[in-house]
Amino acid sequence: MEKISNLLEDKPVVIFSKTSCCMSHTIKLLISGYGANPTVYELDEMSNGPEIERALVELGCKPTVPTVFIGQQLTGGANQLMSLQVRNQLGALLRRAGAIWI
């Protein structure tokens, strides 16, 4: 968890992704569409990607990508983010985290 905590530090939105994952791409577009600039970690391009992926599994993230943290809190994967979007709650969550201002 410490490795993940270090990657989240001082970042309002963090997405753990893989370049080949279409759902990761969709979630990045969704969050960017609000005007947020998420920090994205492409696990398949990182030397310690497998280690971070194991840590995400330990946190209960299955599948491991996309995994989104908003305001340093685990928000979830694609299903959770889409559910927040449908309930019109994602924008408010991004505002509270300081990722967007409007």
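Which residues do ring pairs link into a cluster?

1. Basis of the note. This is a predicted model, in which local features need pLDDT of at least 70 and side-chain atom pairs count only at pLDDT 80 or more, whereas totals for chains, interfaces and linings use all residues. Residues are numbered from 1 along each chain as its sequence is written, and side-chain values use heavy atoms, with hydrogens and water left out.

2. The aromatic cluster. Ring pairs join Phe16, Tyr41 and Phe69 into a cluster, and a search of the whole structure finds 2 aromatic pairs. Rings of Phe, Tyr and Trp (its six-membered ring) are taken to pair if their centres lie within 6.5 Å, with planes under 30 degrees apart counted as stacked, over 60 as edge-to-face and the rest as tilted. The rings of Phe16 and Tyr41 have centres 5.5 Å apart and planes at 25 degrees, so this pair is stacked. Phe16 lies in strand 1 (residues 13-17) and Tyr41 in strand 2 (residues 39-42), so the pair ties together parts 25 residues apart in sequence; helices (H or I, at least four residues) and strands (E, at least two) are DSSP runs, numbered from the N terminus.

3. Buried here means under 20% relative accessible area, exposed over 50% and partly exposed in between (1.4 Å probe, protein chains only). Phe16, at 0% relative accessibility, counts as buried, as does Phe69 at 3%, and Tyr41 is buried too.

4. Helix 3. In helix 3 (residues 49-58), Gly49, Ile52, Ala55 and Leu56 are buried. They cover an arc of only 120 degrees around the axis, which puts them on the same side of helix 3, the arc being that of the directions from the helix axis to the C-beta atoms. On the other side of the helix, Arg54 and Glu58 are exposed. The buried residues of helix 3 pack against helix 1 (2-8), strand 1 and strand 3, where contact means heavy atoms within 4.5 Å. Helix 3 is followed by Gly60, whose phi is positive, near 100 degrees.

5. The cysteines. The structure holds 0 disulfides, a disulfide being a pair of cysteine sulfur atoms within 2.5 Å. The sulfur of Cys22 is 5.7 Å from the closest cysteine sulfur, that of Cys21, too far for a bond. Cys21 counts as buried at 19% relative accessibility, whereas Cys22 is exposed, with a relative accessible area of 58%.
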